[in-house]
Amino acid sequence: MQSDYKLIRQVIEGLSMMNNKFMNLMLDENVSAAQIMLRVILKDDKIKVKNVRIQRFIQNIYGHSAQLDILAEDGFGRYFNVEVQRSDEGASVRRARFYSSVLDTQFLQTNRDYNELPDSYIIFITENDVFKKGLPLYSVERVIKEESSNFSDGSYIVYVNSNCRDNTALGRLMQDLYCTEPAKLHYKEFAERMEFLKCSKEGEEKMTDIIELYAQNVAKETEHKKSVEVALSLLTDGMSIDFAAKHSKLTVEEVRNLAEKRTA
């Protein structure tokens, strides 16, 4: 039991906000933290967040639904969706377009004029520089090409490159996203919340889902390791790749790769 708790503490202590589930807990109903994040990213100190929700599921009965990691609303009725993406595939430009359209269909009420459609911001915080231009920020707006002027439809998409962790306000924010120790965070709005989540019993209890997910991943890794051992043993005994795949529960391709490495 003692060793289990020690492992749980190791998991908790190693969490940073680049883990999207931990980010969700950091910002859940935490208006001040969401507000400082949006102010820094959008360079707008006038943003006043009214509410913030996590894991907002938006049902689309005619097509693809969406689950928004973080959804905030400010006093002007603008909506901000923040997504942490560690893989480039999860931050595709068409996904950004889709999420933007989801907000539009969700927040224009029946019988309302199109001019009442609220401004929306889709913000992807990415682990890698997905556009590979070395910029800390990529701000996307529609333009009228012939005039090089803004279309001004109230739709904004922003990619934040978390690799840029310099001594600017945005760079310090990105440093905080990777930081695991409350005392070393630059922004007190994050430090206070992380202190609560990591250093109090009540906060620890809120992280049950993260810990259970980690345990599931460890179990899967252990099961896969055992399957590899079975496959290698069968190959050593001269069994075919198909036979080894069937009895180890690995794919034929996985067993074939093991066989090639074994004879290399």
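Helices (H or I, at least four residues) and strands (E, at least two) are DSSP runs, numbered from the N terminus.

Now the ground rules. This is a predicted model, so local features need pLDDT of at least 70 and side-chain atom pairs count only at pLDDT 80 or more, while totals for chains, interfaces and linings use all residues. Residues are numbered from 1 along each chain as its sequence is written, and side-chain values use heavy atoms, with hydrogens and water left out.

Helix H6 covers residues 188-199, 12 residues in total. From first C-alpha to last, H6 reaches 15 Å, close to the 16 Å expected. Helix H3, residues 31-42, also has 12 residues. Its end C-alpha atoms are 16 Å apart, which agrees with the 16 Å that H3 should span.

Next, burial. Buried means under 20% relative accessible area, exposed means over 50%, and partly exposed is in between, using a 1.4 Å probe and protein chains only. How many of the 12 residues of H3 are buried? The count is 10, so H3 is largely enclosed by the rest of the structure. The buried run goes Ala33, Ala34, Gln35, Ile36, Met37, Leu38, Arg39, Val40, Ile41 and Leu42. In H6, the buried residues are Glu189, Phe190, Ala191, Arg193, Met194, Leu197 and Lys198. Here's the general point on helices: an α-helix has 3.6 residues a turn, so residues three or four places apart point the same way.

On to the strands. Two strands pair if DSSP finds at least two bridges between them. Look at E4, residues 120-126. Seven of its seven residues are buried. Both faces of E4 are covered. Ser120, Ile122, Phe124 and Thr126 sit on one side, with Tyr121, Ile123 and Ile125 on the other.

What does E4 pair with? Strand E3, residues 79-85, pairs with E4 in the parallel sense over seven bridges. Glutamate 83 has phenylalanine 124 in E4 as its bridge partner. The chain gets from E3 to E4 through H4, and this β-α-β crossover is right-handed. That term means that, with the strands pointing away from the viewer, the path from the first strand over the helix to the second runs clockwise.

E4 also runs parallel to E8, joined by seven bridges. There, isoleucine 122 stands opposite isoleucine 157 in E8. Strand E5, residues 137-140, pairs with E8 too, antiparallel over four bridges. Leucine 137 has valine 160 in E8 as its bridge partner. Is E8 enclosed or open? Six of the seven residues of E8 are buried, so E8 is largely enclosed by the rest of the structure.

Now the loops. Serine 148 lies between strand E6 (143-144) and strand E7 (149-150). Its phi is positive, about 55 degrees, although serine 148 is not a glycine. At 66% relative accessibility, serine 148 counts as exposed. Serine 152 is in the loop between E7 and E8. Its phi is near 55 degrees, again a positive value in a residue other than glycine. Serine 152 counts as exposed, at 60% relative accessibility. Arginine 165 is in the loop between E8 and helix H5 (169-178). Arginine 165 is partly exposed, at 37% relative accessible area.

Last stop, the largest pocket. On a 1 Å grid over the protein atoms alone, a pocket is an open set of points where a 1.4 Å probe fits, with protein on both sides within 12 Å along at least five of seven lines; lining residues have an atom within 4 Å of a point. Which residues lie nearest the centre of the largest pocket? They are Arg97, Ser100, Arg142, Ser155 and Ile157, out of 19 lining residues. H4 gives the most to this lining, with six residues. H4 (93-107) and E8 (155-161) each supply at least two.

Terms used
Expected span 1.5 Å × (residues − 1).
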